Amino acid sequence: RAAENYSPVVLMSAPLTITDRPRFKHRGLLIDTSRHFLPVAFIQRVLDAMPASKLNVLHWHLVDAPSFPLSPRSEGARLLARGAFAPGLTYSPGDVRGVLAYAAARAVRV
């Protein structure tokens, strides 16, 4: 009996249009590599998953007082590289450029 009452409503409302768009233009995710080092390959996996979840902004907290995991270019700034948690846990300028290009190819802003 309930189906009989419902079927005229379905017939009257067809065709149906669904508009799917995000509520906010900024839909983001934060990763904090200043406190928890993440390999570039892991960051790329995060970037691969973001468009499927309709996330378009990655806030990459790269440096902070606990750690400075960015390898400086200039020889005079080598002391900054000692701010990483361990000598191998740093990002080179090429790593950062690579992550930015990888994100741009997926329409994710960093």
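In this report a residue is buried when its relative accessible area is under 20%, exposed when it is over 50%, and partly exposed in between (1.4 Å probe, protein chains only). K54, at 40% relative accessibility, therefore counts as partly exposed.

## Basis of the model

The structure is a predicted model, in which local features need pLDDT of at least 70 and side-chain atom pairs count only at pLDDT 80 or more, while totals for chains, interfaces and linings use all residues. Residues are numbered from 1 along each chain as its sequence is written, and side-chain values use heavy atoms, with hydrogens and water left out.

## Overall architecture

The protein chain has four helices and two strands, arranged from the N terminus on as α-β-α-β-α-α. These elements are DSSP runs numbered from the N terminus: helices are H or I with at least four residues, and strands are E with at least two.

Of the 110 residues of the protein chain, 24% count as buried. The accessible surface comes to about 8000 Å², of which 61% belongs to carbon and sulfur atoms; such areas come from the Shrake-Rupley method with a 1.4 Å probe, and for residues only the protein chains shown count as cover. A contact requires heavy atoms within 4.5 Å. Among contacts with a separation of 6 or more, 67% are between residues 24 or more positions apart.

## The nonpolar core

In soluble globular proteins, nonpolar side chains tend to be buried together. A nonpolar core is here a set of buried Ala, Val, Leu, Ile, Met, Phe, Trp, Tyr and Cys residues joined through side-chain atoms within 4.5 Å. The largest one has 15 residues, of which I43, L47, L58, W60 and Y91 touch the most other members. Two or more residues are given to this core by each of α2, β2 and α4 (93-104), and α2 supplies the largest share, four residues.

Leaving aside neighbours within four places in sequence, L47 is in contact with L58, V99, Y102, A103, R106 and V108.

The structure holds two aromatic pairs. Rings of Phe, Tyr and Trp (its six-membered ring) pair if their centres lie within 6.5 Å; planes under 30 degrees apart count as stacked, over 60 as edge-to-face and the rest as tilted. The rings of F37 and Y91 are stacked, because their centres are 4.7 Å apart and their planes lie at 25°. F37 is in the loop between β1 (28-32) and α2 and Y91 in the loop between α3 (78-81) and α4, so this pair ties together parts that are 54 residues apart in sequence. F37 is partly exposed at 23% relative accessibility, whereas Y91 is buried with a relative accessible area of 0%.

W60 and Y91 form an edge-to-face pair, because their ring centres are 5.4 Å apart and their planes lie at 80°. W60 belongs to strand β2, so the pair with Y91, in the loop between α3 and α4, ties together parts that are 31 residues apart in sequence. W60 counts as buried at 12% relative accessibility. F37, W60 and Y91 form one aromatic cluster.

T33, in the loop between β1 and α2, is buried with a relative accessible area of 0%. Its side chain is joined to that of W60 by a polar contact of 2.8 Å. Such a contact is a pair of N or O atoms within 3.5 Å; within protein, one must be able to donate a hydrogen and the other to accept it, and residues adjacent in sequence count only if both atoms are side-chain atoms. Beyond four places in sequence, T33 is in contact with L38, I43, W60, H61, L62, P69 and Y91.

Most residues other than glycine have a negative phi. K54, in the loop between α2 and β2, has a positive phi of about 60°. A107, in the segment after α4, likewise has a positive phi, near 60°, and is exposed at 62% relative accessibility.

N56 lies in the loop between α2 (40-49) and β2 (57-61) and is buried at 19%. Residues up to four places away not counted, N56 touches K25, H26, R27, M50, A107, V108 and R109. V110, in the segment after α4, is partly exposed at 38% relative accessibility.
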